[in-house]
Amino acid sequence: MKIAFFFFLLIAFKGEISLANAKDSVAIDNAYMRVLRNGAACTLANTPNIGTRIIVALDKIKFKCNRGLITIDRGQIAVFLENEFYDMPKGSYFEIALKKDHPPLTKPSKWVEPLKNKIIYENTEFRIFEERLDPGDTRELHSHAQRVVVRLNQVQLTDPRNSPNGKPGTGIQVANTVKFAEPMVHVTKNLSAIPLYNIVIEYKIEHN
């Protein structure tokens, strides 16, 4: 009897762990997108209310899709249109699934194109770019639309107009995390000894 009870508790405990892990894998779920860490909820083609999906690798991953075998390294991406499908990757990555019925996009107060970034994918809905900034370097006044940022290096950033040398414990971007960000116009300085390195999926808007 005691053994059976212990076995029941073990199963229940494992079930709680599974549920916790599944819940923890959801990094962002808002009106615009759903982002999973090391999980994939939208691998099938034509998933209701889901359009394009983007896989951003945090280490080297391989997986099969309708186009064959995909192999991408840390910081590389794989983009899947609405009618494409793929197997769930194994390894460390983010799946960003864009929602089709999202609210209207909002705009920054003005548009100034950010410099020193490299666009690696672009269509009529969004663009994906590598956001890089050398140690001690500054990206002058620029704008952003609504976007999701996958952070690959841990650095400290500041807007030198407000705080030239930053403030202890602020502006820290933790590696291997993701953040949804609203539109803004700002200046960015990298205070760290290593480069800023992000992958940014940014919605396109009509510029003023």
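**Pocket and salt bridges**

Mentor: This is a predicted model. Start with the largest pocket: 22 residues line it, and R147, L157, Q173, M184 and H186 lie nearest its centre.

Trainee: What volume does the largest pocket have?
Mentor: About 440 Å³.

Trainee: Which strand gives the most to that lining?
Mentor: β15, with 4 residues. Several strands supply at least two residues each, among them β10 (138-144), β11 (147-151) and β16 (196-203).

Trainee: And how does the lining split by class?
Mentor: The lining has 8 nonpolar, 8 polar and 6 charged residues.

Trainee: Switching topic. How many helices and strands are in the chain?
Mentor: The protein chain has 1 helix and 16 strands. Of its 208 residues, 43% count as buried.

Trainee: How many salt bridges are there?
Mentor: A search of the whole structure finds 10. In one of them, R67 pairs with E84, with the closest N and O atoms 2.8 Å apart. R67 sits in the loop between β4 (61-65) and β5 (68-72), and E84 in the loop between β6 (77-80) and β7 (93-99).

Trainee: Is E84 buried or exposed?
Mentor: E84 is buried, because its relative accessible area is 10% and the cut-off is under 20%. R67 is partly exposed at 45%.

Trainee: What about E202 and R127?
Mentor: Their side chains form a salt bridge too, at 3.1 Å, N to O. E202 is in strand β16 and R127 in strand β9, so the pair ties together parts 75 residues apart in sequence. Both E202 and R127 are buried.

Conventions
Residues numbered from 1 in each chain as written. Predicted model: local features only at pLDDT ≥ 70, side-chain atom pairs only at ≥ 80, totals over all residues. Heavy atoms only, no water. 1 Å grid on protein atoms, 1.4 Å probe; cavity = no way out; pocket = protein on both sides within 12 Å on 5 of 7 lines; lining within 4 Å. Points joined across faces, edges and corners; volume = space filled by probe spheres on them. Nonpolar A, V, L, I, M, F, W, Y, C, P; charged D, E, K, R; others polar. Buried < 20%, exposed > 50% of the residue type's maximum accessible area, 1.4 Å probe, protein only. Salt bridge = Lys/Arg side-chain N within 4 Å of Asp/Glu carboxyl O.
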